[in-house]
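Please examine the sequence and the coordinates before reading on.

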Amino acid sequence: YDALENGAGDYSGATITIVRDGAANTNDLFGFDNANGLTLVGTEIRLNDVKSADFTSAGGVLTIAFTGQVSTATANAVLRQVTYTNDSKDPGAAIRLKVQVRDQFASGVDSVLLALTVAQVNDAPVVVSTPADTKYSPGSAAVGLFDGTTTSTVESGQTIAGLTFTVSPAADGPNETLTVDGTAIALVAGNGTTASGHAYTVTIADGVATVTITPAAGMTGEPA
């Protein structure tokens, strides 16, 4: 509330800043909902097509700087029409935003905290890998199959519950092996344990060998 203009307010020179409480977060994105005669055109907020403020959203910080005579009603409408999104796959369960209003006088500053509850969505794990450019000669030492492999659960605090490999065609099972976690696994039906204690199972169906690795307590992306 601004008491100028007989109580109608005059926010010319005032600034509204919205930022994550504690420190800016680049995943925080701010926009503007055009309505009530207020529109965002480029970096300008216009009231009935007349510039009222500069709108800057960068690095997780929103700054609205009023440049014309703006009433309390218009300033409140501008604040209500600010929109928020977060482009992180793992934003956490709660977000706190600090809204600060500063007028043209050095002592005229106040702020409030907004507590946002996040409806979390569990994302599927992500595996990124490049097939190795390699050739294998029968009787030679084992060769690597993948380069630059990374595995992620996306959300923090989660673990990988299992890994599955398929080999097709599995033409000579007893003599074909996959080395996983330091253990050579023959492509024949059976099960066992890898060097680090992860259980594995091999099934054969229609010439396809499926190797399933099941960690006893799950594993993070780096070991996977």
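This is a predicted model: local features need pLDDT of at least 70, side-chain atom pairs count only at pLDDT 80 or more; totals for chains, interfaces and linings use all residues.

Student: How many helices and strands does the protein chain contain?

Tutor: Helices (H or I, at least four residues) and strands (E, at least two) are DSSP runs, numbered from the N terminus. On that basis the protein chain comes to one helix and 17 strands.

Student: What is the radius of gyration of the protein chain, and why is the chain described as more spread out than a compact globule?

Tutor: The radius is taken over C-alpha atoms, and the globule rule is 2.2 Å times the number of residues to the power 0.38. The C-alpha atoms fill a box of roughly 90 × 30 × 30 Å along the principal axes. For 224 residues the rule gives 17 Å; the chain is well over this and therefore more spread out than a compact globule, with a radius of gyration of 29 Å.

Student: Which geometry does the aromatic pair of Phe-32 and Phe-55 adopt?

Tutor: Rings of Phe, Tyr and Trp (its six-membered ring) pair if their centres lie within 6.5 Å; planes under 30 degrees apart count as stacked, over 60 as edge-to-face and the rest as tilted. The search of the whole structure finds three aromatic pairs. In this one, Phe-32 of strand E2 and Phe-55 of strand E5 are 23 residues apart. With 6.2 Å centre to centre and 70° between the planes, the pair is edge-to-face.

Student: Is Gln-81 buried or exposed?

Tutor: Gln-81 lies in the loop between helix H1 (72-80) and strand E7 (82-86). Its contacts (heavy atoms within 4.5 Å), not counting residues up to four places away in sequence, include Phe-32 and Leu-38. Buried means under 20% relative accessible area, exposed over 50%, and partly exposed in between (1.4 Å probe, protein chains only). At 6% relative accessibility, Gln-81 is therefore buried.

Student: What distance separates the C-alpha atoms of Ala-209 and Ala-75?

Tutor: Ala-209 lies in strand E17 (residues 208-214) and is buried, with a relative accessible area of 0%. Beyond four places in sequence, Ala-209 is in contact with residues including Phe-165, Leu-187 and Ile-204. Ala-75 is 134 residues from Ala-209 along the chain, and their C-alpha atoms are separated by 66 Å.

Technical notes. Residues are numbered from 1 along each chain as its sequence is written. Side-chain values use heavy atoms; hydrogens and water are left out.
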